[in-house]
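Could you have a look at this one with me?

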Amino acid sequence: MKFEKEIKRRKTFAIISHPDAGKTTLTEKFLLFGGAIQTAGAVKSNKIKKHATSDFMEIERQRGISVATSVMTFEYKNYLINLLDTPGHKDFAEDTFRTLTAVDSVILVVDSVNGVEEQTRRLMEVCRMRDTPVIVFINKLDRDGKNRFDLLEEIEKELKITLHPMTWPINSGKDFKGVYNIHQNNLRLFTANTKADEDDVVALDNLQSSDLDKLIGERDANQLREDVELIEGVYGQLNDNEYLKGKIAPVFFGSAINNFGVLEMLDTFISIAPSPLCRDTNKREVCPSEEKFSGFVFKIHANLDPKHRDRIAFMRVCSGKFERNKYYHHVRIDKDVRFSNPYSFLARSKDVIEDAFPGDVIGLFDTGNFKIGDTLTEGEDFYYIGIPTFSPEIFKELINKDPMKSKQMEKGIQQLTDEGVAQLFTQFGGNRKIIGCVGELQFEVIQYRLLHEYGASCEFKPLPFYKACWLTSKEPKKLEEFLRFKQQNSGEDKDGNPIYLAQSEWFLNTEITNNPEIEFHFSSEINK
Ligand code: G4P
């Protein structure tokens, strides 16, 4: 198949949601439609079970399983779909944020009973930063949920995105009767566990037809007519361009567990979701159709077994064709490297691949050469930008318990932070090494891995910081002065960028007000 065609037929996306909204269930239904699995229940849940939250070894074991399902590739109607999985556990939120840099669009699952939840908000912030096109799936219509007009308003307001309903539900909970496809004028009647055959779909010439009353009853038919009139008046036709710019999100209603409303969304997804697009680098825009290969690392997964210190770097192919055993330029370390066993992730099995196209994600064995954001090219010097890192939420001082092992400790902490397990800051006053994480679990992971992989033992001392802000200023003198005065509350990140460590929101707001010539940023870019 022609190179251009290969690019066009690829759709690389992620399903995101607050835990328990139905991401795993929806993933499974997609794989069923794509023929990648044959039975329900075949997808190992990538979510970490609630009872395991205090047992990080168990969590890592599950994460180990999830490496195989990190990227699920399947074909549907001649499209090649790469579905990137994201960890549901809040403590691994940074992993999810970085995965979002490797996709071209997302499907956001919202629970119709709970509405917008904490994690949904944060994930959407990352999507907005990158103008990622979003399709919304409102799930669990088989349960009594919120009034859908209120729900749409809540989503629009909380997630700061304009919605566009593509289907409309008839009731919810035990009265749920189905969804009306506004743009195709047909009605899918609800039956639990449907295989979503075409037979369930009833075409309607128009909503005034008396057939509708027969199918769903007069009261619901009238309500549907009223709702649809209102929706059409407010929303009109979907503007695909606005969707592609990340300004408007098409919305589907359904019930993932019952396989209901999913097919409508998948069909729309393949017709409107973007194929791989051009991406920004620090030098120029690079387009997928360029002849020469380039790609970047967005995730590194370490093997917790000390006997196998290998890691897997996940690389998104951005341009050209990647080939096995060919030398590529590792821009940051200025070295040529090649890979004899790159693999793809065809639903649950790892296969060595000969080549890969833009939009694909490949797994590269790594012995410590990669860090997040690293770029490979065919010789040109550029690196992909737009890979964010966010302020951690928990800060602890790293204390070396064995001074004889400080070299090992140094190396270990450098490598672990390269992998993105945590962030490392050095405080100006006192030179303390501060580890910042999103969740407590990572501290346990770090302590365990430093000891077992590097032979260094450490402990952590909690610090009273609540946020780290990256600082910039057009007046370097002012910034210098600020950092000198605030030594106890300032330092630098791993790349030497100045940061302010705020003790509380109040302190932070005070400093922001008192120092108008300094900009406080809540996120930073890995490659600037
Ligand atoms: P997640 O990956 O977003 O965390 O969610 P997941 O798919 O695991 O779904 C969370 C729970 O919600 C599961 O129940 C799942 O069966 C249920 N669920 C998913 N879609 C629907 C739906 O359309 N309607 C209803 N009523 N429930 C739905 P669980 O009891 O937590 O897990 P399980 O024992 O069923 O696996």
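Predicted model: local features only at pLDDT ≥ 70, side-chain atom pairs only at ≥ 80, totals over all residues.

1. Residues are numbered from 1 along each chain as its sequence is written, and side-chain values use heavy atoms, with hydrogens and water left out.

2. Let's start with the cysteines. A disulfide is a covalent bond between the sulfur atoms of two cysteines; here the test is a pair of cysteine sulfur atoms within 2.5 Å. Searching the whole structure turns up one disulfide. Cys278 and Cys287 make it, with 2.0 Å between their sulfur atoms. The torsion about their S-S bond is about 105°, so this disulfide is right-handed.

3. Buried or exposed? For that we use relative accessible area: buried is under 20%, exposed is over 50%, and partly exposed is in between (1.4 Å probe, protein chains only). Cys278 comes out partly exposed because its value is 33%. Cys127 has 2%, so it counts as buried, and Cys437 is buried too, at 3%.

4. Now the charged side chains. A salt bridge here means a side-chain nitrogen of Lys or Arg within 4 Å of a carboxyl oxygen of Asp or Glu. The structure holds 40 of these salt bridges. One of them joins Asp366 to Arg311, at 3.0 Å from N to O. Asp366 sits in strand E22 (residues 361-366) and Arg311 in strand E15 (residues 311-319), so this pair links distant parts of the chain, 55 residues apart. Helices (H or I, at least four residues) and strands (E, at least two) are DSSP runs, numbered from the N terminus. Both Asp366 and Arg311 are buried.

5. Next, Lys433 and Glu410 meet in a salt bridge of 3.7 Å, N to O. This pair also links distant parts of the chain, with Lys433 in strand E27 (residues 433-437) and Glu410 in helix H11 (residues 406-418), 23 residues apart. Lys433 is partly exposed at 24%, and Glu410 is partly exposed at 37%.

6. Which residue does Lys486 pair with? Its salt-bridge partner is Glu511, with the closest N and O atoms 2.9 Å apart. Lys486 lies in the loop between helix H13 (476-485) and strand E30 (490-493), and Glu511 in helix H14 (residues 505-514), so the pair ties together parts 25 residues apart in sequence. Lys486 is partly exposed at 29%, whereas Glu511 is buried at 9%.

7. Finally, take a look at Glu6, Arg9, Arg10, Glu75 and Asp360, which are linked in a network of salt bridges.
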